[in-house]
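Subject: Structure for you to look at

Hello,

I am passing this structure on to you, with notes on what turned up in it. Please have it open while you read.

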Amino acid sequence: MADQARLTPEALNVVEFAKALGGYAMHEVDTFLDQAVQELARLQAKRNGEYAPSTPRLTPMAIEHKVFTKAMRGYAMPEVDALLDRLTEELTRLHREEHWIAASVIGRPPAMPGLTPEDLQRKQFSVAMRGYTVAEVDAFLNEASTELTRLRAERGRGFRPTPHRLTADNLRTWRFSKAMRGYAVQEVDQFLDRLSDEVTRLLRDGTP
């Protein structure tokens, strides 16, 4: 999905799905996509400096937890699910962008407390209908905890840490496979951003 064009209100408005026996109820999907079009249009207007409501009409979390009724003849489920994954990623990116723009306007860049290896070991995410594969995320957290421990230890001994596989850039583009009943995509992505910031901080300012 990463190499596909960004979703726009215009593109989403003309999406068509194949019909299938035992698919998603068409009227429910159509109504949900109308909400998505409105939200993309809202974010597009804000990005262009135009007036737009501040309250989201649709969030990535709502998409991840959305369940459509099955119908005898409906929209092909794999096609709808694939589009929902793209929509989740796009809204996550745009909402994050909206957040940072708003923070820069009022002169207070958002700040989060630093992460410790223990934070990674204790971290828990919500489970969504469509999310990141639980085993992959759990394995990643174990690896990241070990890496963060090493970086902090090297800083504590006065050395300049050498990043290995989990660099700040890698963390911002890290991808997990998707699964039914996986970890909520938005929560995991936001946590990766925090971890990336922490790695950057350790490599930059020398704070153990």
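Asp 189 sits in helix α8. Is Asp 189 buried or exposed? Its relative accessible area is 10%, and the cut-off for buried is under 20%, so Asp 189 counts as buried. Beyond its neighbours within four places in sequence, Asp 189 is in contact with Thr 92, Arg 96 and Tyr 132.

Please keep in mind that this is a predicted model. The mean pLDDT of the protein is 82, and 87% of its residues reach 70 or more. One stretch to treat apart is residues 106-112, where pLDDT stays under 50. For those residues the model has seven contacts beyond four places in sequence.

Now the overall layout. The protein has eight helices and four strands, and along the sequence they follow the pattern α-β-α-α-β-α-α-β-α-α-β-α. Of its 208 residues, 41% count as buried. The accessible surface comes to about 11,600 Å², with 53% of that belonging to carbon and sulfur atoms. Among contacts with a separation of 6 or more, 80% are between residues 24 or more positions apart.

In soluble globular proteins, nonpolar side chains tend to be buried together. Here the largest nonpolar core has 23 residues, and Leu 120, Phe 140, Phe 176 and Leu 195 touch the most other members. The elements that give two or more residues to this core are α6 (134-156) and α8 (185-205). Helix α8 gives the most, with eight residues. Apart from this core lies another, of 21 residues, among them Leu 12, Phe 17, Val 29 and Tyr 75. As for Leu 195, its contacts are Leu 115, Leu 120, Phe 140, Ala 144, Leu 148 and Leu 171, with residues up to four places away in sequence not counted.

Then the aromatic rings. How many aromatic pairs are there? With centres within 6.5 Å as the rule for a pair, the count comes to eight aromatic pairs. One of them joins Tyr 24 and Phe 68, which are tilted, at 5.3 Å centre to centre and 55° between the planes. Tyr 24 is in strand β1 (residues 19-24) and Phe 68 is in the loop between α3 (60-64) and β2 (70-75), so this pair ties together parts that are 44 residues apart in sequence. Both partners are buried: Tyr 24 has a relative accessible area of 6%, and Phe 68 is at 4% relative accessibility.

Another tilted pair is formed by Phe 140 and Trp 174, with 5.0 Å centre to centre and 50° between the planes. This pair links distant parts of the chain, 34 residues apart: Phe 140 is in helix α6, and Trp 174 is in the loop between α7 (168-172) and β4. Phe 140 counts as buried at 3% relative accessibility, and Trp 174 is buried with a relative accessible area of 15%. Ring pairs also link Tyr 132, Phe 140, Trp 174 and Phe 176 into a cluster.

Just after α2, Gly 49 takes a positive phi of about 80°.

Thr 88 is in helix α4 (residues 77-105). It is buried, with a relative accessible area of 4%. The C-alpha atoms of Thr 88 and Ala 36 are separated by 10.0 Å, although the two residues are 52 residues apart along the chain. With residues up to four places away in sequence left out, Thr 88 touches Pro 60, Ile 63, Glu 64 and Val 185.

Last, a backbone detail. Arg 181, in strand β4 (residues 178-183), has a phi near 55°, a positive value in a residue other than glycine. Is Arg 181 buried or exposed? Its relative accessible area is 56%, and exposed means over 50%, so Arg 181 counts as exposed.

Regards

Technical notes: Residues numbered from 1 in each chain as written. Heavy atoms only, no water. Core = buried A, V, L, I, M, F, W, Y, C linked by side-chain atoms within 4.5 Å. Buried < 20%, exposed > 50% of the residue type's maximum accessible area, 1.4 Å probe, protein only. Contact = heavy atoms within 4.5 Å. Areas by Shrake-Rupley, 256 points an atom, 1.4 Å probe, with all protein chains shown as cover. pLDDT = per-residue confidence, 0-100. Phe/Tyr/Trp six-rings, centres within 6.5 Å; stacked < 30°, edge-to-face > 60°.
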